[in-house]
Protein chains: 2
Amino acid sequence: MTEITRRNLLGMIGTVAGSTAMYHAMTSMGYAAPSDYSGPIKLDGDPKGAKVLILGAGLAGLTAAYEMRAAGYNVEVLEYREKAGGRCWTLRSGDSYTELGGATQNVDFAEGNYINPGPWRIPFNHHALLDYCRRLKVPMEPFVQINYNSYLHRTDAFGGKPQRLRDIKTDYRGHISELLAKAVDQGKLDEAVTAEDREVLIESLRSFGVLNNQNEYVKSLETSEYRGFEKQPGGGVGAAPVASDLLDPQEVLQSRLWAYMATHETIDHQAPMFQPVGGMDQIAVGFEREVGDLITYNAKVVALKQDENGVTVTWEDTAGGGQQTSTADYCVCTIPFSILSQIDHNLSGGLANAISSMPYNGSTKWGLEFKRRFWEQDDQIFGGISYTDLAIGQISYPSTGYFSDGPGVLLGGYTWRGPNSYKFNAMQPEERLEWALKMGEKIHPQYREEFKTGVSVVWHKVPWVLGCSGIWENRDNYEDAIKIDNRVVCAGEHLSYLPAWQEGAILSSLDAISRLHDKIING
Amino acid sequence: MTEITRRNLLGMIGTVAGSTAMYHAMTSMGYAAPSDYSGPIKLDGDPKGAKVLILGAGLAGLTAAYEMRAAGYNVEVLEYREKAGGRCWTLRSGDSYTELGGATQNVDFAEGNYINPGPWRIPFNHHALLDYCRRLKVPMEPFVQINYNSYLHRTDAFGGKPQRLRDIKTDYRGHISELLAKAVDQGKLDEAVTAEDREVLIESLRSFGVLNNQNEYVKSLETSEYRGFEKQPGGGVGAAPVASDLLDPQEVLQSRLWAYMATHETIDHQAPMFQPVGGMDQIAVGFEREVGDLITYNAKVVALKQDENGVTVTWEDTAGGGQQTSTADYCVCTIPFSILSQIDHNLSGGLANAISSMPYNGSTKWGLEFKRRFWEQDDQIFGGISYTDLAIGQISYPSTGYFSDGPGVLLGGYTWRGPNSYKFNAMQPEERLEWALKMGEKIHPQYREEFKTGVSVVWHKVPWVLGCSGIWENRDNYEDAIKIDNRVVCAGEHLSYLPAWQEGAILSSLDAISRLHDKIING
């Protein structure tokens with residue numbers, strides 16, 4: 001007699017009820033918990049030629065198209081842009097981009113250089129996205145998130161001089177470890193720490209904080225092993241290393257530069273992260289290889305109507321083909337609510353409320369090309385991010401083409417919500433560029449001398465999304481927004497708990513099509 | 001009137017006295033301090049056809065050959081092996097390796113898979129090595145050193161169950177931050193921390209340790225953002241995340257798993273690190289493209305003699321050519337002291353003492369090939385290192401070929417000094433392999449099921465070096481060892497303050513040839 005283990009039970013559910021049921025069972029049993037994705041979805045049962053119209057060829061729409069065709073549906077996709085991907089977007093030489101208001105930027109980077117105005121890094125645990133990349137043969141390379149040699153900068157700290165993350169991190173850690181070790185040693189924490197733990201706690205702090213035997217964090221060759229030497233160990237004559245001075249612990253504290261360390265420690269930024277080789281849009285290109293034949297490009301949806309017989313979508317062929325109509329039995333609508341709210345639709349009340357009330361996040365990103373990779377050659381920064389309290393927020397160095405000669409492209413700024421994300425909305429591209437240079441040169445004085453060309457994207461001005469991601473101030477409307485409304489279901493990053501992430505778009509899409517399919521097959 | 005800045009002064013020295021002088025001036029002024037390397041060396045002055053014999057085509061010998069030929073010397077290199085690189089060595093399919101004692105291993109990895117038995121990662125600040133890679137067009141890719149999803153394992157901790165580095169790191173940090181924040185808040189550190197600093201210290205600890213407003217580190221969605229969720233945020237229905245349980249803080253402390261966190265924090269292991277695309281030996285291959293024509297392979301040096309007229313080296317052509325003799329005006333000897341001490345030489349007393357008294361480090365490394373990348377597919381570990389207190393010490397996952405199907409090669413163990421580095425010396429390859437599997441399966445139960453083939457290198461048994469790096473218990477003999485002895489100068493990692501690193505070998509070589517050249521040109 002075999003014990004019914006959780007795995008056995010899942011096998012039985014899979015055999016009896018098909019993979020969709022198993023997928024849901026796994027999720028509800030917590031088996032798929034670490035990723036909320038446990039491998040390719042399988043939509044069992046014959047849809048008997050039902051037609052599905054998918055609105056939008058971003059990652060949610062592409063996922064729906066890929067899986068629903070595989071399940072036997074008749075699939076048509078309408079996409080506003082001239083190519084697939086949506087916010088999964090890469091700008092490179094030859095690209096032209098016109099923002100709301102009419103300003104056009106022509107990208108003039110060197111061959112091979114690019115910037116991702118939208119998503120630009122993939123956490124290791126975004127398993128659904130990474131699994132699609134694997135299946136679509138989109139090669140991955142590491143994205144360097146944390147670089148100990150990058151800079152932390154605040155105008156009001158250290159006289160405005162950028163500090164190396166390494167120094168702040170090591171000295172802060174040393175300082176707090178010394179404080180705690182001494183307090184424990186002096187018996188000040190006898191109530192909080194058992195006698196059994198005191199010794200091992202102090203021992204651990206010596207390791208963690210690089211303290212000496214007197215529990216002090218001091219200038220020494222040992223602390224320099226962590227914070228860097230004044231003179232590095234070398235070879236031959238005069239090669240002995242020289243210890244480096246510590247930063248003043250009070251200055252480290254008061255600088256507040258420690259605040260920048262936390263980002264790297266959240267699970268969606270922990271090492272290792274990934275990026276597609278050649279630009280984020282290679283994911284869209286991978287999907288296009290599979291479902292490109294289903295997509296009608298340059299199709300601007302102007303109306304979405306459903307009744308007891310089906311769904312009718314009116315759209316305009318922006319390439320000059322005039323007004324068109326598409327009909328289907330069902331619809332997966334991945335149009336961002338910021339856009340959908342401006343489209344004539346007859347979706348029901350709860351969903352319509354959610355659509356019309358969702359604010360969209362602002363964000364600005366710059367891609368700046370310089371004549372040479374001075375950040376590598378002069379500053380020894382290979383990938384990673386420098387942070388600043390200036391409005392550009394951060395400067396990120398390319399995680400590809402290390403050590404190469406010739407021009408390189410920086411992410412010259414990335415604002416995220418708050419006032420800084422609005423600051424650049426009203427500006428023209430040239431003015432935004434000037435601001436990025438003006439701020440960036442506080443961290444890298446080489447900026448002006450080495451600058452070649454640049455491009456920036458203000459997400460509130462991107463015509464096909466009007467923002468960078470949906471915002472849930474609370475989740476009051478969430479259940480209404482994800483519900484299947486008769487023949488229509490909505491999907492996208494905005495209908496997930498991972499807003500702004502491509503993983504959220506895919507997981508939302510998988511959930512939506514799995515429910516829609518279930519309804520179609522089982523009624 | 002121009003102020004004489006440091007840079008101007010260096011320019012003047014460069015113009016007047018040549019680049020060698022400038023290189024030394026830069027070093028002595030601390031200008032080159034961060035790297036102890038400030039760009040390509042230039043050996044100015046005409047050596048007038050002087051001949052230099054270089055013994056050993058490892059990185060020290062290759063660097064000497066490359067630079068001395070460029071400087072106009074007549075260069076001959078003798079190398080024991082059938083190829084260049086020395087410990088800069090990669091084993092891949094088709095390779096055969098016979099260790100001391102006669103055991104031969106034939107490497108049977110799948111196409112493209114490899115293991116580096118010697119150096120396997122390059123710190124970002126090993127500027128000399130990285131600069132040679134750039135000049136030799138050896139492409140680099142990131143080596144993932146720290147992976148928050150890798151395992152930490154001790155037989156006596158957590159019932160022998162491996163823990164994720166993320167959990168140990170986050171919970172340890174949370175626990176000590178809570179202890180310190182509460183102590184400060186309760187006024188217990190009023191002597192050590194000024195009133196001005198107390199508030200900002202507590203604020204920083206809330207950020208650093210992920211504490212709540214009561215300065216507690218507790219189970220919450222917020223701490224789960226750092227330590228991972230019980231159920232990750234998803235999309236659509238039932239997508240809300242679920243917080244994860246914390247580890248017991250006392251168990252974390254007593255586990256001593258915190259001890260494994262320090263490695264990643266030393267400057268020579270801080271992110272980002274690099275590796276050559278395709279295997280470490282691509283550096284040797286890059287040098288061979290430039291100076292391969294100067295190298296005589298299969299040349300086993302048996303005697304090194306010098307007198308007032310020159311240097312005479314007797315060597316055996318191990319490919320069957322019998323005993324041979326090479327003569328030169330000068331000699332750069334990069335033969336490891338472990339081998340040189342067994343060669344008939346007439347070097348002077350101080351140097352001879354250093355040669356005969358240097359112990360060499362032991363180390364064992366395994367390359368294990370498995371049918372599939374179960375560490376990625378089952379454990380979501382992409383690159384990085386798991387540590388264990390078992391004798392194998394660590395398991396490192398390949399930093400290349402991520403997400404690929406088919407067989408992958410792990411570094412199945414890497415011992416370093418201490419008893420564990422001797423444990424495997426007496427074993428035959430099959431027995432060593434069995435130990436690696438037996439220990440590794442404690443961390444990855446998939447080992448036996450998935451194992452395909454393996455190879456191991458015990459460095460004390462490598463015929464041409466008999467150890468993995470020279471050891472300086474103290475530096476009493478160091479000055480004697482690096483001194484030019486009439487016509488002979490020694491170089492290599494063992495004559496640097498960066499022993500066991502390729503950077504040490506190169507810096508030692510640059511220093512040695514620069515002094516030798518100076519002596520030849522200026523007497």
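**Strands, helices and the chain contact**

Guide: In strand β16 of chain B, B:Cys333 is the bridge partner of B:Leu55. This is a predicted model, in which local features need pLDDT of at least 70, side-chain atom pairs count only at pLDDT 80 or more, and totals for chains, interfaces and linings use all residues. Residues are numbered from 1 along each chain as its sequence is written, while chains are lettered from A and ligands numbered from 1 in the order in which they are written.

Visitor: What is the bridge partner of B:Leu53 in β16(B)?

Guide: B:Leu53 has B:Cys331 as its bridge partner. Strand β1 (residues 51–55) of chain B and β16(B) pair in the parallel sense over four bridges. Strands here are DSSP runs of E with at least two residues, helices are runs of H or I with at least four residues, and both are numbered from the N terminus. Two strands pair if DSSP finds at least two bridges between them.

Visitor: How many bridges join β16(B) to β23?

Guide: Three bridges join β16(B) to strand β23 (residues 488–490) of chain B, and these strands run parallel. B:Val332 has B:Val489 as its bridge partner in β23(B).

Visitor: Which way do the residues of β16 point?

Guide: B:Tyr330 and B:Val332 point one way from β16 (residues 330–333) of chain B, B:Cys331 and B:Cys333 point the other way, and all are buried. Buried means that 20 or more other C-beta atoms lie within 10 Å of the residue's own; exposed means 12 or fewer, partly exposed is in between, and C-beta atoms are placed from the backbone. In a regular strand the side chains alternate between the two faces of the sheet.

Visitor: What is the strand order of that open sheet?

Guide: The five strands of this open sheet in chain B follow the order β12-β2-β1-β16-β23, with parallel pairing. At the edges stand β12 (295–296) and β23 of chain B, each with a single partner strand, so one side of each has no neighbour in the sheet.

Visitor: Changing topic: which residues of α14(B) are buried?

Guide: They are B:Pro429, B:Arg432, B:Leu433, B:Trp435, B:Ala436, B:Met439 and B:Gly440. Seen down the axis of α14(B), they fall within an arc of 160 degrees, so they line one face of the helix. The arc is that of the directions from the helix axis to the C-beta atoms.

Visitor: What does the face turned away carry?

Guide: That face of α14(B) carries the exposed residues B:Glu430 and B:Glu431. The buried residues of α14(B) pack against several elements of chain B, including β18 (364–370), β21 (408–414) and β22 (451–458). Packing rests on contact: two residues are in contact if their C-beta atoms, placed from the backbone, lie within 7 Å.

Visitor: Now the two chains. How many residues of chain A are in contact with chain B?

Guide: 78 residues of chain A are in contact with 79 residues of chain B. On the side of chain A that touches chain B, α16(A) gives the most, with seven residues. The residues of that side divide into 44 nonpolar, 22 polar and 12 charged. Ala, Val, Leu, Ile, Met, Phe, Trp, Tyr, Cys and Pro count as nonpolar, Asp, Glu, Lys and Arg as charged, and the others, Gly among them, as polar.

Visitor: What rotation superposes chain A on chain B?

Guide: A rotation of 180 degrees with 0.0 Å of shift along its axis does so, at an RMSD of 0.0 Å. That is the relation of a two-fold axis. In chain A, the C-alpha nearest the axis is that of A:Leu180, 2.9 Å from it. The superposition is by least squares on the C-alpha atoms of residues with pLDDT of at least 70 in both copies. Of the interface residues of chain A, 100% are also interface residues in chain B, so the copies meet through the same surface.

Visitor: And A:Leu205, is that residue buried or exposed?

Guide: A:Leu205 is buried, with 27 other C-beta atoms within 10 Å. A:Leu205 is found in helix α5 of chain A. Leaving aside neighbours within four places in sequence, A:Leu205 is in contact with A:Ser177, A:Leu180, A:Ala181 and A:Leu211.

Visitor: What covers the buried residues of α5(A)?

Guide: The cover includes α4 of chain A together with α8 (249–255) of chain B. Just after α5(A), A:Val210 takes a positive phi of about 60 degrees.
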